Amino acid sequence: MKLGLTIVDDTWLQFNPIPEEKIGLSMYCEGFSIRLDDIKIIAICPRLPFDDERLFVLLVNKYGDSFPIPDLILDAEGVRSLEKIFGLNSILNAEWPKLDYEDHYGFMTRIIYPRHLYGKRLYDGVFNSWPAFKNGLGRLLDISHSTSGVFTREVVDELANISSWDDSFHSL
């Protein structure tokens, strides 16, 4: 089994996790498969485990499910294929260098796809709502994955529009 990210038949993305003992608990991400056309939002999640600047790529499907990918594979073929399919700048060489220490420290998660949401926040700030505060507390206590959060109103509306369009399309 090949570790990392693989595009299968130009329709599926497969992520086979890097074992936790090789990358540590703070960077570990579960494996997953997702259809490429189900990916509706792609975001970058700068994080600061143990004072080390790290980055996750976060894929969000039309149902609001999130799939994190650790930065250890950003230079791999699968990620370059993902960038090409979605018309993204290089995450490793163009997007990550735009971030500074405060972005890593502050749990800012920025959208890089779709283009009309580029640069906007994926998640509400921890003091914007009670659910966001609880999630932030969970991240602090290591109960929630560091890439989790409560979507902003703009993201909720985007996903609702996509879902309602998909539902109306399938009912024809």
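A residue is called buried when its relative accessible area is under 20%, exposed when over 50%, and partly exposed in between, with a 1.4 Å probe applied to protein chains only. The structure on display is a predicted model, in which local features need pLDDT of at least 70, side-chain atom pairs count only at pLDDT 80 or more, and totals for chains, interfaces and linings use all residues. Residues are numbered from 1 along each chain as its sequence is written, and side-chain values use heavy atoms, with hydrogens and water left out.

Please select Tyr123, which is buried at a relative accessible area of 6%. Rings of Phe, Tyr and Trp (its six-membered ring) pair if their centres lie within 6.5 Å; planes under 30 degrees apart count as stacked, over 60 as edge-to-face and the rest as tilted. A search of the whole structure finds four such aromatic pairs. In this one the ring centres are 5.7 Å apart and the planes stand at 20°, so the pair is stacked. Tyr123 belongs to the loop between β7 (110-113) and α5 (130-140), and Phe151 to the loop between α5 and α6 (153-170), so the pair ties together parts that are 28 residues apart in sequence. Helices (H or I, at least four residues) and strands (E, at least two) are DSSP runs, numbered from the N terminus.

A nonpolar core is a set of buried Ala, Val, Leu, Ile, Met, Phe, Trp, Tyr and Cys residues joined through side-chain atoms within 4.5 Å. The largest such core has 39 residues, of which Leu13, Ile39, Leu59 and Leu122 touch the most other members. Leaving aside residues up to four places away in sequence, Leu59 touches several residues, including Phe32, Phe67 and Leu82; contact means heavy atoms within 4.5 Å.

Glu95 is placed in helix α3 (residues 91-95). Is this residue, Glu95, buried or exposed? Glu95 is buried, at a relative accessible area of 4%. Its side chain makes a polar contact with the side chain of Asn89 (3.2 Å). A polar contact is a pair of N or O atoms within 3.5 Å; within protein, one must be able to donate a hydrogen and the other to accept it, and residues adjacent in sequence count only if both atoms are side-chain atoms.

Val57 lies in strand β5 (residues 54-61) and is buried at 2% relative accessibility.
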